[in-house]
Amino acid sequence: MNTESQKKIAAEKATEDVRSGMVVGLGTGSTVYYALLKLGAMVREGLDIVGIPTSEGTEKIAFAEKIPLTTLATHPTIDLTIDGADEVDAHLNLIKGGGAALVREKIIANASKEILIVVDESKVSRVLGTTFSLPVEIVRFGWEATQTEVNRICGKSTLRQNTSQDGDGSPLITDNGNYILDCHFDGIPAPQAVEMQLNNIPGVVENGIFVNRADKVIIGTASGIRYME
Ligand code: 5RP
């Protein structure tokens, strides 16, 4: 099974836990995309849910799929969130933010009773921060000074560029109007400490380390589905 099929089976498996009456957190990314398509089909067949998107991109897809949407103001508690990840370790710690949605994803995660993470097998790693650079969202004002402080922790970081189809190579601006630094760690053996250290720096909005958030990781592999709980 190729990577795309692995993403699809993991994402579709997660939708099996969605029941009528639920408030569902809708993650961001190419893996969750398959869950959104499946949820759209389920809604059209009568599933009665409301979704809260983690990004403007997801909001557009959910709207096109006719998944009814709500907000945290109306529904402050989310029953179940389905989201992706860029790197997952054996303790279910995650790096997220490859899709630049980490701030809203962490807010949604924090409001969720249950979180399912859907990935293909390439995302599983022994030590976090060895296969993916850690995204850190920072405010634009004084960003160079913030980067200097961030580099004291990670060594080296890169300001993310807008390389999407219509992107012109200028710095990427998040849905919240901020920049992203991609921080090149050589492994993050103590993710919780690093999560807190980074968030202590003035100018840092949030970082992509998610510790003790995921309840279950659904992994699409070449030979089928595997779980980490
Ligand atoms: C977005 C995220 C995504 O969930 C993460 O980047 C995984 O994306 P994909 O499924 O496309 O690999 O954290 O901010």
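1. L92 sits in the loop that links β4 (87–88) and β5 (94–95); strands here are DSSP runs of E of at least two residues, helices are runs of H or I of at least four, and both are numbered from the N terminus. The phi of L92 is near 70°, a positive value in a residue that is not glycine. L92 is buried, at a relative accessible area of 8% (buried is under 20%, exposed over 50%, partly exposed in between, with a 1.4 Å probe and protein chains only).

2. On the basis of these remarks: this is a predicted model, in which local features need pLDDT of at least 70 and side-chain atom pairs count only at pLDDT 80 or more, while totals for chains, interfaces and linings use all residues. Residues are numbered from 1 along each chain as its sequence is written, and side-chain values use heavy atoms, with hydrogens and water left out.

3. N212 also has a positive phi, of about 55°, although N212 is not a glycine. N212 is located in the loop between β11 (209–210) and β12. N212 is exposed, with a relative accessible area of 62%.

4. Helix α1 covers residues 3–15, 13 residues in total. From first C-alpha to last, α1 reaches 19 Å, close to the expected 18 Å (the expected span is 1.5 Å times one less than the number of residues).

5. The buried residues of α1 are Q6, K7, A10, A11, A14 and T15. These buried residues pack against α2 (32–44) and against the strands β3 (80–83), β6 (115–120), β12 (216–221) and β13 (224–228).

6. The axes of α1 and α2 come within 8 Å and cross at roughly 45° (axes are lines fitted to C-alpha atoms, for helices over the stretch in contact, with angles from 0 to 180 degrees between N-to-C directions). That angle makes α1 oblique to α2 (under 35 degrees is roughly parallel, over 145 roughly antiparallel, 65 to 115 roughly perpendicular, and the rest oblique).

7. In the contact between the two helices, E4, K7, K8, A11, E12 and T15 of α1 meet Y34, A35, K38, L39 and M42 of α2 (contact means heavy atoms within 4.5 Å). These residues divide into 5 nonpolar, 1 polar and 5 charged (Ala, Val, Leu, Ile, Met, Phe, Trp, Tyr, Cys and Pro count as nonpolar, Asp, Glu, Lys and Arg as charged, and the others, Gly among them, as polar).

8. G57 lies in helix α3 (residues 56–64). G57 is partly exposed, at 38% relative accessibility. G57 and T28 are 29 residues apart in sequence and 7.5 Å apart in space, C-alpha to C-alpha.
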